[in-house]
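I opened the notebook to look up a few things in this structure. The entries follow in the order in which I checked them.

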Amino acid sequence: MPASCLPRHAADHPPPHRPRLAVSSKPSNPFRKAQFLTSANKLGQLPPDTGNEVAFAGRSNAGKSSALNAICDQQGLARTSKTPGRTQLLNVFPVDDPARRLIDLPGYGYAKVPEAMRLHWRGVIDTYLRTRESLKGLVLVMDARHPLKDFDCHMLEFGAASGRACHCLLTKADKLSRSEGLRTLAAVNKEIATIAPGASAQLFSSLAKTGLGEARALVARWLEIP
Ligand code: GDP
């Protein structure tokens, strides 16, 4: 159509400015503000025991670092490498406020850690679970294909006996079919009801982002993130 055929008003006047619809950005995730603060070799090196903490524990290779990274939506926050030095320390990550912290407990079961060191860490973790006032909840990370190994049960028993809220993240759920996942979840729920009454469990996958919202919501509640 030649330009002259355009209705006059359309040719003469640019279309009225229409405000753009706001493009919704991702809902803000306070865990994105989490950052590494310090590594503590013993309990005395932790920040003052005030505010709220949520601790993450799990056998090495269970997927704990990946879970922390997924929850915080930060790829490199917790190291996913198998660096022995790092797995033997309590790593502290304040979230949006120094009074709200995630604590990455040393990965137990690390193959190359001598028995004496394993026992030492067991003592440190047990004392932490028993005495830390600010500890509001324990997230136990387990590979969904191999849940509730001896040390996992010890952690759950000990956590529950210390009056801590406990939650099991059954990671790598993407490696199970839907029905296998549901069967595993039911079996874990049944078992934890006897060893840690009140504990909860869920399927999770850092890779597929399964259960991410549920895990985040629980940790945020324990930390009292508004
Ligand atoms: P950590 O030792 O408990 O901190 O375990 P990592 O987070 O380092 O994970 C151990 C291995 O499991 C790595 O090779 C990860 O890529 C893998 N992994 C962790 N989470 C998942 C998951 O949700 N799905 C799958 N398929 N692999 C995972």
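Entry 1: I began with S66, where an N or O atom of the side chain lies 2.6 Å from an oxygen atom of the ligand. The model is a predicted one, so I write these values down as computed from it. I then looked up S65, which has a polar side-chain atom 2.6 Å from an oxygen atom of the ligand. For K172, I found a side-chain N or O atom at 3.0 Å from an oxygen atom of the ligand. Around the ligand I noted 16 residues, of which N61, K64, S65, S66 and D174 come nearest.

**Entry 2: the whole chain.** Next I went through the secondary structure and noted seven helices and seven strands in the protein chain. From the N terminus on, I wrote the order of elements as α-β-β-α-α-β-β-α-β-α-β-α-β-α. The chain has 226 residues, and 46% of them are buried. Its accessible surface is about 12200 Å², and carbon and sulfur atoms account for 55% of this. I also looked at contacts between residues at least 6 apart in sequence, and 75% of these join residues at least 24 apart.

**Entry 3: the sheet.** In what order do the seven strands of the open sheet lie? I read the order as β1-β3-β4-β2-β5-β6-β7, and the pairing is mixed. The edge strands are β1 (38-40) and β7 (200-203), each of which pairs on one side only. Neighbouring strands of this sheet are turned against each other by 25 degrees on average, direction ignored. As a reminder to myself, strands of a sheet pair through backbone hydrogen bonds, either parallel or antiparallel.

**Entry 4: strand β3.** I followed β3 (residues 90-97) and found that it pairs with β1 in the antiparallel sense over three bridges. There, L90 in β3 is the bridge partner of A40. β3 also pairs with β4 (residues 100-104), again in the antiparallel sense, over five bridges. In this second pair, D97 has R100 in β4 as its bridge partner. A hairpin of two residues joins β3 to β4. I checked the cover of β3 as well: six of its eight residues are buried, which leaves the strand mostly covered.

**Entry 5: a helix on the sheet.** I then turned to helix α6 (residues 178-195), which lies across β6 (165-171) and β7. Helix α6 runs at about 170 degrees to β7.

**Entry 6: positive phi.** Which residue in the loop between α2 (64-72) and α3 (84-87) did I look up? It was D73, which is not a glycine but has a positive phi of about 55 degrees. L148 is another residue other than glycine with a positive phi, near 55 degrees. I placed L148 in the loop between β5 (135-143) and α5 (150-161).

Is L148 buried or exposed? With a relative accessible area of 14%, L148 counts as buried, because the cut-off for buried is under 20%.

Technical notes
Residues numbered from 1 in each chain as written. Predicted model: local features only at pLDDT ≥ 70, side-chain atom pairs only at ≥ 80, totals over all residues. Heavy atoms only, no water. Pairing = 2+ DSSP bridges. Helix = DSSP H or I, 4+ residues; strand = E, 2+ residues; numbered from the N terminus. Axes fitted to C-alpha atoms, helices over the stretch in contact; angles between N-to-C directions. Contact = heavy atoms within 4.5 Å. Buried < 20%, exposed > 50% of the residue type's maximum accessible area, 1.4 Å probe, protein only. Near = heavy atom within 4 Å. Polar contact = N/O pair within 3.5 Å; in protein donor to acceptor, adjacent residues only side chain to side chain. Areas by Shrake-Rupley, 256 points an atom, 1.4 Å probe, with all protein chains shown as cover.
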